[in-house]
Amino acid sequence: MNNSSGVAPSPEVARFLRENCAIARKKGEAINLDDCCYGKIHRGGGFAEQPSNYYYFLAGIVNHFELKRVFEVGTHYGGSIRSMIRGLTDQKSRDESLYATADVTFYNAEAFGHYPDTLIRRFHGDAGAAEEVEKVKKLFGGEPIDMLYVDAIHSYDGTALHVNLYANALRPRFLVLDDIHLNHEMERLWNDMVKIFGDQAYDATEISGRGESGFGVILMRNS
Ligand SMILES: C[S@@+](CC[C@H](N)C(=O)[O-])C[C@H]1O[C@@H](n2cnc3c(N)ncnc32)[C@H](O)[C@@H]1O
């Protein structure tokens with residue numbers, strides 16, 4: 001991955017991200033995510049019936065930056081992508097939006113059957129496979145998207161593969177990475193992102209409420 005964003009690295013960019021992520025968090029807290037549960041918990045077991053804390057941040061980012069074209073790698077039960085779409089609070093922005101998510105599993109089809117979740121396109125397959133990338137690229141018509149959210153494999157190579165494939169194919173304005181502090185490999189990946197993107201890479205762990213797992217927001221281009 002290289003930084004061809006054209007964004008001039010500067011303390012201004014860092015401040016832009018810090019301030020706007022804080023506003024996004026506040027806006028997200030006002031959004032009702034009651035039915036957006038995480039589902040089966042990977043680490044530690046159990047089933048989360050409640051929205052995860054960072055879902056409010058994701059919904060707030062969508063709302064604050066008015067993100068209309070979003071792709072997620074790692075659907076799981078759909079809690080995160082369904083939270084994001086709740087950030088589209090008016091009918092006009094929903095009408096103009098295109099949201100998609102991919103996973104090797106296909107849980108919780110019932111929840112996706114109710115409006116506004118019916119607006120979300122689901123891909124069932126390995127997001128790292130060339131044919132899946134092509135399908136997603138085709139859906140978005142080869143035009144840049146607003147946000148790529150990667151939350152699938154928590155290894156260096158697995159996440160780097162997804163980031164590279166979809167950042168190249170979809171040219172997102174924002175790249176959001178979950179679990180950047182989850183383990184040594186994810187920590188190393190985030191450190192590399194910071195080396196490449198400098199002030200454009202914002203560690204949003206605290207503001208997102210992600211606890212020890214970590215959450216990163218990278219501004220890939222200005223608009
Ligand atoms: C941590 S969960 C996603 C959680 C979800 N984003 C949320 O916040 O509610 C990670 C998901 O990535 C999926 N996954 C792992 N490898 C994948 C791959 N190569 N392609 C697509 N999905 C993958 C797993 O099946 C799992 O459901």
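User: What percentage of the 223 residues is buried?
Analyst: Keep in mind that this is a predicted model. In it, 44% of the 223 residues count as buried.

User: OK, and how many helices and strands does the protein have?
Analyst: There are nine helices and nine strands.

User: What order do the strands take in the open sheet?
Analyst: The open sheet has seven strands, and they run 5-4-3-6-7-9-8 with mixed pairing. Strand 5 (120–124) and strand 8 (201–203) are at the edges with a single partner strand each, so one side of each has no neighbour in the sheet.

User: How many degrees are neighbouring strands turned against each other?
Analyst: On average 15 degrees in this sheet, ignoring direction.

User: Back to pairing: do strand 6 and strand 7 pair in the parallel or antiparallel sense?
Analyst: Parallel: strand 6 (residues 147–150) and strand 7 (residues 174–178) pair that way over four bridges.

User: Which residue in strand 7 is the bridge partner of Y149?
Analyst: That's V176.

User: And what holds paired strands together in general?
Analyst: Strands of a sheet pair through backbone hydrogen bonds, in either a parallel or an antiparallel way.

User: Last one: of the contacts between residues at least 6 apart in sequence, what percentage joins residues at least 24 apart?
Analyst: For those contacts, the figure is 73%.

Key:
Residues are numbered from 1 along each chain as its sequence is written. This is a predicted model: local features need pLDDT of at least 70, side-chain atom pairs count only at pLDDT 80 or more; totals for chains, interfaces and linings use all residues. Two strands pair if DSSP finds at least two bridges between them. Helices (H or I, at least four residues) and strands (E, at least two) are DSSP runs, numbered from the N terminus. Axes are lines fitted to C-alpha atoms, for helices over the stretch in contact, and angles run from 0 to 180 degrees between N-to-C directions. A residue is buried if 20 or more other C-beta atoms lie within 10 Å of its own, exposed if 12 or fewer, and partly exposed in between; C-beta atoms are placed from the backbone. Two residues are in contact if their C-beta atoms, placed from the backbone, lie within 7 Å.
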